[in-house]
Amino acid sequence: MSIAVPLIEEEKPTAPRRSAFRRVISDPQAVITGAILIIVSLLGVLAPLIAGHGPNDASLEVVNAPVGTPDYLLGGDQSGRDILSRLFFSIRTALESGLIGAGVAIVVGMTAGLVGGYFGPRIRAVIEQVFNLIMTFPGLLLLIVLMPLTRGDHRITMLIFGVMLSPGIYRIVRNVTIAVRNELYVDAALVSGVSTIRILGRHVMPVVIGPVIIQAAFLMGGAINVQSGLAFLGVGSAEIPSFGSMISSGFQNLYVEPFQFAWPALLLGVFTACLVLLGNALRDALEGARPKPTKVGKLLRAADAASAGVQAEVTCLLEVRNLKLAYPSPTGELNEVLSGVSFTLSEGETLGLVGESGSGKTQTAFSVLGLLPGEAVVTGGSIFFDGRDLLSLSENELRKIRGREIAYVPQEPMSNLDPSATVGAQLVEGIRASTGAAKPEAKRRALELLERVGIPDPNRIFGQYAHEISGGMAQRVLIAGAVASRPRILIADEPTTALDVTIQAEILDLLRDLQEEMGMAIILVTHNFGVVADICSKIAVMKTGEIVEAGEVLDVFRNPQHEYTNMLLDSILDEGALRDDPPVTATKQLNEVSR
Amino acid sequence: MLTYILRRLGIGILLAVLVTFITFWMLSFSFDGIAGGILGPASSPERIDALQEEMGLNRPILLQYGEWLFHAVQGDFGISYFTSEPVVSAVLDRLSVTLSIVLVALLLSVIVSVVLGVLAASRAGVIDKTAQGIALLGLIFPNLLIAIVLVLVLSLNLKLLPATGFVPFAEDPLGWVRSITIPVIVLVINGISNMMAQVRGTMVGELQSDYIRTLRSRGIPTGAIVYKHALRNAAAPALIVLSLEFIQMFGGALIIENVFALPGFGSFAFNSALQGDIPVIMGVTVFSTLLVVSVNLVTDLINGWLNPKARIY
């Protein structure tokens, strides 16, 4: 892709620590949830100091005392214990459970992940098996079976539960570690004799720490939930105050004093909710925004009404008039990537759209196809095809043009085939959509096309998946799919860039032959003047969203007007990729092709 | 493929042996308590010793385990210490209750997650915001709280549904539906929070990938592209979440079953663990391990079918 979309810079977890911290404290969700968590936690930590009563001190006078009883602010429970004090101590229990559970999970998961990720596959395989075993254990059941061993102490229970939570952390750390291990700078450090421990501490840890901190919040929430659940069921010592046991006794007493149930439930809900929301906020702040969905097939409309009314006075097959395209930046304003692109294309012509990465050539091509990403905004101009403005058509009308009249050959052949459908199935589906043929007819046509694009054994390739065929084969398959309905325009976006040099020439020959056979016009997006010289009759040179020079290939090559064209041509001639007499070869072929 | 399945099942059985041995070994720390539990709180240490002797609990662990294993491989899992029920039939009885709840919840979770996740990813905007809000709900609040609030509102206040108890499907289908509605809702709220986020996330990625654009360039209808191509490619990761979800729901059923007094696998395991009913605990462990192993195997088989690159057989 050659777009100059100033999207959010991908922040790696290795970004400077201060800026990560700043991003977290400037996020209201993180600040608010963090503050609530700190306040609630402080109440728990300071429980012995601030609680008016011991958690198990009972007094007969305050059995089921209402809210607001002097010295018993939130009343007493059914055993005459101070609810407020018990809440403080319950926070303490929850906090201990969360910290122990998450702590054990992180220590175990991280150690194993670092070892498993850093060292060879054999050690990894052993560790992997151990974690598979851990995941097979029916977790809660084990905690209960072990009750006689843990004596219901939430701290010991959470030690065990932490181990059961560790596979999640292990996975994350292992993956990150493997990725870092394969970085070249780690190889460089190894070669220069840096010790393993130092590499792990210096290069791996900083990358691992971000995702682990985020997970810690979720793990704490999970551990607190389980501890509350177990205490609710009565697993655990009756002496230990906890949200679970308070909810349980409050629930039994619901009709006498509904608040006995409401307080612990509310506090538990707020506490776990804040943990999850904090984890989400941390993830957004540290790992950057996740990809946002956009509506598939969102229509592009010219925001500029002036251009919409222009009546078409179009004589050629395709005319792009003053096309302006923009993408919204994270702050909401529009960044223009095309600022008034105009060109024409006649039947059977071959136009080379040339420019360096980011010049807007691919964006121009996608605009004509109506295949721009959902967030793109057309801010002006029109695209006339056969007298109709493509920008004013509905998705349904556009769909009838795509594939049938205007077809597309992509740049990277492998990623442009659906990995889980066979080559044949994809071709048949496309043929049926563009020609309305019945299935057997479409299959026959697909096999014919495969043969036509030079695939030696069409029947075999027909039943294979993308990962089973070579890049050159895949590109032939994609070309077969594109020309299936004999389109009038074929838009090829760098169709040879991803291929071997020998195959490049074959693919260009194939395109030329097909063009001759079917009489279609071609827009060839490329950065390679050699390709232009080889196959194009017209050329348009793009720079920063504008066409700076256009004309017959011969004229432009011989006598470039724009400084930028000159520069591009020079840079190629310097490399010797073009001979001194390119126009001659080009003209010959051009004359043959564009008859 | 058959050899692959047999090998996986073989590994599964070995795993079950390992897991049961670890469980047995851990149980052995509390054999004192178990004998005491059978005799009641007022029993003397001498009587406890005598009972342990009689039950063979003070023999070497390996010997005891070997004995259990010897019978177990012949399908004899013994009888419960407390109810004298044969372990196998007792476990299967309770398993059917739990599975009927978990499978219904899982099915609903999948439907809701896929529909909402796909809509969120392909339509964006308000639908996406709503879907994300729903997903957050299940993450934020513990199962326990959701369960209790639903009982309070639906059963105790509105009196729409029974708060507790279970009616077998064969006895009264409508009663069955009513008795599992609240537990299922609780599990579904939790289930979709993970699964929908997964479906949405992968679908967003798939829909922005190159092959989708190429398919669109062929004039293929949007619906076919979203459901036939993108969803199929997004299905493999979602399936793994689904299998984890199944295992998690199965374990989580423990709390739900106790809150709603359902005679399921979880509450059965819970009570027998509290009582120290060794044959039942061992039986429960075997069945849950085999269940997890089979779920993982089926997941991998479907995964291979969905994703040609991941075929391992």
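Predicted model: local features only at pLDDT ≥ 70, side-chain atom pairs only at ≥ 80, totals over all residues.
Two strands are said to pair if DSSP finds at least two bridges between them. Four strands of chain A form an open sheet in the order β2-β1-β4-β5, and their pairing is antiparallel. The edges of this sheet are β2 (334-345) and β5 (388-389) of chain A, each of which pairs on one side only.

Within the sheet, the pairing of β1 with β4 can be followed residue by residue. Strand β1 of chain A covers residues 318-328 and strand β4 of chain A covers residues 377-385; the two are joined in the antiparallel sense over 7 bridges.

Chain B is built from helices, with 12 helices and 0 strands. Read from the N terminus, its elements accordingly run α-α-α-α-α-α-α-α-α-α-α-α. Taken along the principal axes, the C-alpha atoms of chain B fill a box of roughly 85 × 55 × 35 Å. Of the 313 residues in chain B, 44% are buried. Sequence separation gives a further view of the fold: among contacts in chain B between residues at least 6 apart in sequence, 73% join residues at least 24 apart.

B:V177 belongs to helix α8 of chain B, which spans residues 173-207. Is B:V177 buried, exposed or partly exposed? A residue counts as buried with 20 or more other C-beta atoms within 10 Å of its own, and as exposed with 12 or fewer. B:V177 has 14 C-beta neighbours inside 10 Å and is therefore classed as partly exposed. In sequence, B:V177 and B:L161 are 16 residues apart, while their C-alpha atoms are separated by 9.7 Å in space.

The two chains also touch each other. Their contact takes 57 residues from chain A and 61 residues from chain B. On the side of chain B that touches chain A, the largest share is contributed by helix α10 of chain B (residues 222-259), with 9 residues. By class, this side of chain B has 35 nonpolar residues, together with 18 polar and 8 charged residues.

How values were computed:
Residues numbered from 1 in each chain as written. Chains lettered and ligands numbered in written order. Contact = placed C-beta atoms within 7 Å. Nonpolar A, V, L, I, M, F, W, Y, C, P; charged D, E, K, R; others polar.
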